[in-house]
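I opened my notebook to go through this model piece by piece. Here is what I looked up.

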Amino acid sequence: MRRLLLASAWLASPFRLVKRESGGRRAAAAAFSSAARLQTSQADFTHVVIGGGVVGLAVAQELARKTSSRNSTLLLERHDAVGTETSSRNSEVVHAGIYYGADSLKTALCVRGRELLYALCAAHGVPHRRTGKWIVAQNDRQRAALQHIHDFAATVGVPVRWVGRDEAARREPAVRAERGVLESPTTGIVDSHALMMCLLGRFEEAGGTLALGSAVEAVTPLSASGTGGGGPPGGGGWELLVRDAVSGKTSSVTAETIVNSAGLGAVDVHNMIVPESRRKQMFYAKGNYFSYPASSPSVSTLIYPAPEPGHGGLGTHLTLDMAGRIKFGPDVEWVDSPHDLAVSTARLPQTIEEVKKYLPGLDETQLQPDYAGIRPKLGKLGAVMHGKGFVDFAIYKEEGYEGWVNLLNIESPGLTSSLAIAEKVRELLYA
């Protein structure tokens, strides 16, 4: 019998789980929201979540904890640890939800996700801090951008406030803001690694199974009558071919539902399944980060420049880690490969120029290359902020298939939104 290589959530050493014989599976899962029920009582798992980043972890623990106790959930991660891609290469900012447009999923899930995330962190001791954020303007055009954010925030119920010149000089004397400061008091930071370990622990406590070093190589939708039978694809469940990173051997696993949360690999998974005419292309926005070990100038608030509509990011901003250390980034560098993770030191002069607009006392000799991350984009030169070039989160049940939820274009504010995304996935699967 073929075996699927799995790994314990807390141990580096792998163990093996022997697949159950036909007829040995637990009772069938609860009814799905589709009118057609899945006839897959012999599947190995109720749910397979592909991708062990922060969103995949959130989804997996949500399905494991809040669906029927008779269900089982498998989380497949191609690397030898969870969260090694976008989830560990970002600013670790808990966003407020003030950039993305009133009718967007990004706004709705960021606002809901922020509440859930702060509550989870408080309940489970995940390091976090509500630092607040200043968005600063240096000219009239940027001031108009702040006014737009202020007015939009009021429509979606996110608190923001203007900071007067005297207060700004008292609180953050090193920061320049010639034409105004808009403060977002609910913005904060979180230890993303501790958050992922918390989600992983909740997943395992609920009986979930993690398979590390397990790359998905093929996904086959099954009909209710088998691979060649009638009914919609996926109505009879799903078969996944998985390659073990250590041995190179492949094995198969079956599931009633799949959730594609593969991040940088999500479009590849999507394209494994759909016909050629429905295949998508992914674009990669690289963000370079630079650390700043100097003690001066000292800043205790996150500082963002006024956003530029149509840009792939929110500008090179100042963020803090839980120890109070300053870092700058990300910038936006469009690259051809998700593996291009070396910090582009040639971009340092541009970073210095952008940062000195709001932090003129910066000692540029102290900036050091730190790390880089890649944001997965469905749109070429796709923008983060609502407006020209904006591409929203794509979270939906794939048309024409049963039991498949796709998560595409999950970039910023994906970390903040992760728990709300998990809720939405559960709602899509279950009535």
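Is Asn409 buried or exposed? I found it buried, at 2% relative accessibility. (Buried means under 20% relative accessible area, exposed over 50%, and partly exposed in between, with a 1.4 Å probe and protein chains only.)

Before going on, I noted that the model is predicted: local features need pLDDT of at least 70, side-chain atom pairs count only at pLDDT 80 or more, and totals for chains, interfaces and linings use all residues. Residues are numbered from 1 along each chain as its sequence is written, and side-chain values use heavy atoms, with hydrogens and water left out.

Most residues other than glycine have a negative phi, and most peptide bonds are trans. I looked for exceptions. Asn409 has a positive phi near 60° and is not a glycine. I located Asn409 in the loop between strand 22 and helix 8. (Helices, H or I with at least four residues, and strands, E with at least two, are DSSP runs numbered from the N terminus.) Pro413 lies in the loop between strand 22 (404–408) and helix 8. The peptide bond from Ser412 to Pro413 is cis, with omega near 5°.

I found Glu92 in the loop between strand 4 (73–76) and strand 5 (93–94). Glu92 is buried, with a relative accessible area of 14%.

Next I checked Pro330. A cis peptide bond joins Gly329 to Pro330, with omega about -5°. Pro330 sits in the loop between strand 18 (326–329) and strand 19 (333–335).

**Entry: two helices**

I turned to helix 1 (residues 54–66) and helix 8 (residues 414–429). They pack at an angle of about 40°, with axes 8 Å apart. (Axes are lines fitted to C-alpha atoms, for helices over the stretch in contact; angles run from 0 to 180 degrees between N-to-C directions.) So helix 1 is oblique to helix 8. (Under 35 degrees counts as roughly parallel, over 145 as roughly antiparallel, 65 to 115 as roughly perpendicular, and the rest as oblique.)

**Entry: nonpolar cores**

Which residues touch the most other members of the largest nonpolar core? Among its 46 residues, I listed Ile98, Leu318, Phe328 and Leu359. (A nonpolar core is a set of buried Ala, Val, Leu, Ile, Met, Phe, Trp, Tyr and Cys residues joined through side-chain atoms within 4.5 Å.) A second, separate core of 42 residues includes Val49, Tyr118, Leu210 and Val259.
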